[in-house]
Amino acid sequence: MWKDPIVEEIHAVRRRIAKECNHDIRQIVERLRRKEKRHKERLTFLKHCDGTKPKAGG
């Protein structure tokens, strides 16, 4: 079966991050949140059909 090298790389990175965080979802989420704070310029936010931003938590 053909393997997509990009997908394989993504899977490898995911495995590495999980291992670094001891496969603990809380550590993985905290790592993501720290990265988001450092790189706010890379984030994008969805808007509702009427152009307004969704409120936090829903």
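Relative accessible area sorts residues into buried (under 20%), exposed (over 50%) and partly exposed (in between), with a 1.4 Å probe and protein chains only. By this scale Arg31 is partly exposed, with a relative accessible area of 23%. The structure is a predicted model, in which local features need pLDDT of at least 70 and side-chain atom pairs count only at pLDDT 80 or more, while totals for chains, interfaces and linings use all residues. Residues are numbered from 1 along each chain as its sequence is written, and side-chain values use heavy atoms, with hydrogens and water left out.

Two helices are described here. Helices are DSSP runs of H or I with at least four residues, strands are runs of E with at least two, and both are numbered from the N terminus. Helix α1 covers residues 5–20, and helix α2 covers residues 25–38. The expected span of a helix is 1.5 Å times one less than its number of residues. For α1, with 16 residues, the distance from the first C-alpha to the last is 22 Å, close to the expected 22 Å. The 14 residues of α2 should span 20 Å at 1.5 Å a residue, and this agrees with the 20 Å between its end C-alpha atoms.

At α1 the cap is Asp4, with a side-chain oxygen 2.8 Å from the backbone nitrogen of Ile6. At α2 the cap is Asp24, where a side-chain oxygen lies 2.8 Å from the backbone nitrogen of Arg26.

The loop between α1 and α2 includes Asn22 and His23. Asn22 is exposed because its relative accessibility is 58%, and His23 is exposed with a relative accessible area of 60%.

The packing of the two helices was then examined. Axes are lines fitted to C-alpha atoms, for helices over the stretch in contact, and angles run from 0 to 180 degrees between N-to-C directions. The axes of α1 and α2 are 9 Å apart and meet at an angle of about 110°. Angles under 35 degrees count as roughly parallel, over 145 as roughly antiparallel, 65 to 115 as roughly perpendicular and the rest as oblique. The two helices are therefore roughly perpendicular to each other.

Contact means heavy atoms within 4.5 Å. On the α1 side, Arg16, Ile17, Ala18 and Glu20 meet Gln27, Ile28 and Arg31 of α2. These residues divide into 3 nonpolar, 1 polar and 3 charged, where Ala, Val, Leu, Ile, Met, Phe, Trp, Tyr, Cys and Pro count as nonpolar, Asp, Glu, Lys and Arg as charged, and the others, Gly among them, as polar.

Ile17 of α1 is partly exposed, at 22% relative accessibility. The C-alpha atoms of Ile17 and Pro5, 12 residues apart in sequence, are 18 Å apart. Arg31 of α2 touches Arg16, Ile17, Glu20 and Cys21, not counting residues up to four places away in sequence. Between the C-alpha atoms of Arg31 and Thr52, 21 residues apart along the chain, the separation is 29 Å. Lys35 also lies in α2 and is partly exposed at 42% relative accessibility.

Conventions
A polar contact is a pair of N or O atoms within 3.5 Å; within protein, one must be able to donate a hydrogen and the other to accept it, and residues adjacent in sequence count only if both atoms are side-chain atoms.
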